[in-house]
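Trainee: I have a new structure to get to know. Can you walk me through it?
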Amino acid sequence: LTIGDGLRRMASGGGGYGITLLLLSLPAALPIPTTFGLKSLLGVVITLLGLQMFAGKRSVWLPRRFTRIRLRPDWSQRAARLGERFLPMLERFVKPRMNWMRYRPGASLLGLVVIFLGLIMILSIIPGTKVLAALVLLALSIGLIESDGLLTLLAALAALVVAALYAEAVYLLVIWLAR
């Protein structure tokens, strides 16, 4: 199984962007140190997805080199077991409602949010902001997968909060360095 095969199988119901964002933001959401630059690299791919969403592209395009990466069978099985454990709990709260993000203006707005969060993951020099951005992307992707407009709206509002926190941290850093 390759990454491309897995994404095509999971996105057959039309949730291509949601599934892809979920898979890309999950490793970045873990508050553990990763290989140098991995979270920034994921931020680049996430930003590209946001640009595609903003442009109104219906299907996800990823570089061929990325989609040809083979997944180890034991990883796929572990992910499936983890999903079986957490999905029933999640489905109590997340449900299809407020389907505004399926239309062009809503998809473009979410594309801008995804671009912004991807850029934070790329450019962030402040510890913890990459994880915060990835957590918001996780919520947004789950909302997209389940067609939950309320959850995606709350995730977009959380992105505004992340933006305000990041701007404040940068401002304080600039003031501190100017002294």
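Trainee: How many helices and strands are there in the chain?
Mentor: There are 8 helices and 0 strands. Keep in mind that this is a predicted model.

Trainee: In what order do the elements run from the N terminus?
Mentor: They run α-α-α-α-α-α-α-α.

Trainee: What share of the 179 residues is buried?
Mentor: Buried residues make up 38% of them.

Trainee: Which residues make the nonpolar surface patch of about 530 Å²?
Mentor: Met98, Leu150, Leu153, Leu154, Leu157 and Leu160 make it.

Trainee: Let's take leucine 150. Where is its place?
Mentor: Leucine 150 sits in helix α8, which covers residues 149-178.

Trainee: Why does leucine 150 count as partly exposed?
Mentor: Because its relative accessibility is 31%.

Trainee: New topic: serine 147. Where does that one lie?
Mentor: Serine 147 is in the loop between α7 (129-145) and α8.

Trainee: Is serine 147 buried or exposed?
Mentor: Buried, because its relative accessibility is 16%. The cut-off for buried is under 20%.

Trainee: What about its phi?
Mentor: Phi of serine 147 is near 55 degrees. That is a positive value in a residue other than glycine.

Trainee: Last one, on contacts between residues at least 6 apart in sequence. What share joins residues at least 24 apart?
Mentor: In this chain, 75% of those contacts do.

Definitions and conventions: Residues numbered from 1 in each chain as written. Predicted model: local features only at pLDDT ≥ 70, side-chain atom pairs only at ≥ 80, totals over all residues. Heavy atoms only, no water. Patch = residues over 30% accessible without salt bridge, like charges linked within 9 Å, V, L, I, M, F, W, Y side chains within 5 Å. Areas by Shrake-Rupley, 256 points an atom, 1.4 Å probe, with all protein chains shown as cover. Salt bridge = Lys/Arg side-chain N within 4 Å of Asp/Glu carboxyl O. Helix = DSSP H or I, 4+ residues; strand = E, 2+ residues; numbered from the N terminus. Buried < 20%, exposed > 50% of the residue type's maximum accessible area, 1.4 Å probe, protein only. Contact = heavy atoms within 4.5 Å.
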